[in-house]
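User: Can you walk me through this one? I'd like to start with the ligand site.
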Amino acid sequence: MRQKQRNEPNLHPPWRNLLKRYPQNPIITPSDWPYQVNSTFNPAATVFQDKILLLVRVEDCRGFSHLTVATSKNGVDNWEIEETPALFPETDVREEQWGLEDPRIVWLEEEQKYAITYVSFSKGGPVISLAFTEDFKKFDKKGSLLPPEDKDASLFPRKFTVGDSQPRYALIHRPIIRGEAHIWLSFSPDLKHWGDHRVLIPTRHGWWDQHRVGLGTQPIETPNGWLIFYHGVRATASGDLYRVGAAMLDLENPTRVTYRSQEWLMSPAASFEWLGDVPGVIFPSGAIFDPEKDEIKLYYGAADQSIGLATGSYQDIWRYLQFCPV
Ligand code: BMA
């Protein structure tokens, strides 16, 4: 297959409709909640006890967020929503005073635990925090990982040996440094001490993802590498536009970005993506990959209000990505 040049437009795009909106979107809205809330959005997704589990960011009517579990057999409808939050801000924890936001979940094979990375927010700025759970009932909060301002983080499910290093955990995150908002990768032997920080996916001047990029879904392991979806922001005259891109990272060495979508794969278009607290936002935050069905379910926050679902064929996305040199 011929690879097109970086600045050559995609004239024969294999990328049309790679992610298809579920016709009955939004799949979860604040009115589904068992208690009064403002918005339900930006969920983490994983498989737990043969069900799809979403850890949903719920904003209360004071403007502070907590995280609540919703489960469904098919990951589409009949959601069972827990009556009490799973993770909520504690009054005596300084970095949590303004709430907990935007979780991502991975299953850590070695520890036999789920790792949840989320944003703790306070006057000091947003920081990435970590909690472990085995059952989504009891949570072991480990505190914050890196200094503010930092968001949009996920661990990988296993350690990596890159170069001559010992096996280390890897964290994708999005610090803002000198006003620049790129996606970074950092390593740690123990989930406490972090280093070897580097930019993984930078913003692209002039492009749809020129102002900010941030990790969307947790890394998805595929035969061809770690597939990630990310959000890219362009500031426009009528506000920020949050669109969805994808990238592939080398399976053994995730510092290597092998492909990165040139086009966005989703852009706000449906009315529920424009009607909400923050119009024009698609914020992917959780994905479930079923290799047997060749199906990716992508869960996203829409307009900071409700949750949308889009599905795509992994093989189609992979075919498209191979047209995209980094
Ligand atoms: C980002 C995050 C998300 C939010 C998005 C759009 O900075 O804070 O939680 O969905 O902005 O408002």
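User: Which pocket does the ligand sit in?
Analyst: The ligand sits in the second largest pocket. A pocket is an open set of points on a 1 Å grid over the protein atoms alone, with protein on both sides within 12 Å along at least five of seven lines. "Sits in" means more than half of the molecule's atoms lie within 2 Å of the pocket's grid points. This is a predicted model: local features need pLDDT of at least 70, side-chain atom pairs count only at pLDDT 80 or more, and totals for chains, interfaces and linings use all residues. Residues are numbered from 1 along each chain as its sequence is written, and side-chain values use heavy atoms, leaving out hydrogens and water.

User: Which residues are around the ligand?
Analyst: N42, R57, D102, K151, Y242, V278, V281, F283 and D304.

User: What about D102, how far is its polar side-chain atom from a ligand oxygen?
Analyst: 2.5 Å. For N42, a polar side-chain atom lies 3.0 Å from a ligand oxygen. Y242 has a side-chain N or O atom 3.1 Å from one.

User: Switching topic. Where is P268?
Analyst: P268 is in the loop between β18 (257-260) and β19 (282-290). Strands here are DSSP runs (E, at least two residues), numbered from the N terminus.

User: Buried or exposed?
Analyst: P268 is buried, at 9% relative accessible area. Buried means under 20%, exposed over 50%, partly exposed in between (1.4 Å probe, protein chains only).

User: What does P268 touch?
Analyst: Leaving aside residues up to four places away in sequence, its contacts (heavy atoms within 4.5 Å) include Y242, V281 and W274. Y242 and V281 are also around the ligand.

How values were computed
Helices (H or I, at least four residues) and strands (E, at least two) are DSSP runs, numbered from the N terminus. A residue is near a molecule or strand if one of its heavy atoms lies within 4 Å of it. A polar contact is a pair of N or O atoms within 3.5 Å; within protein, one must be able to donate a hydrogen and the other to accept it, and residues adjacent in sequence count only if both atoms are side-chain atoms. On a 1 Å grid over the protein atoms alone, a cavity is a set of points where a 1.4 Å probe fits but cannot get out, and a pocket is an open set with protein on both sides within 12 Å along at least five of seven lines; lining residues have an atom within 4 Å of a point.
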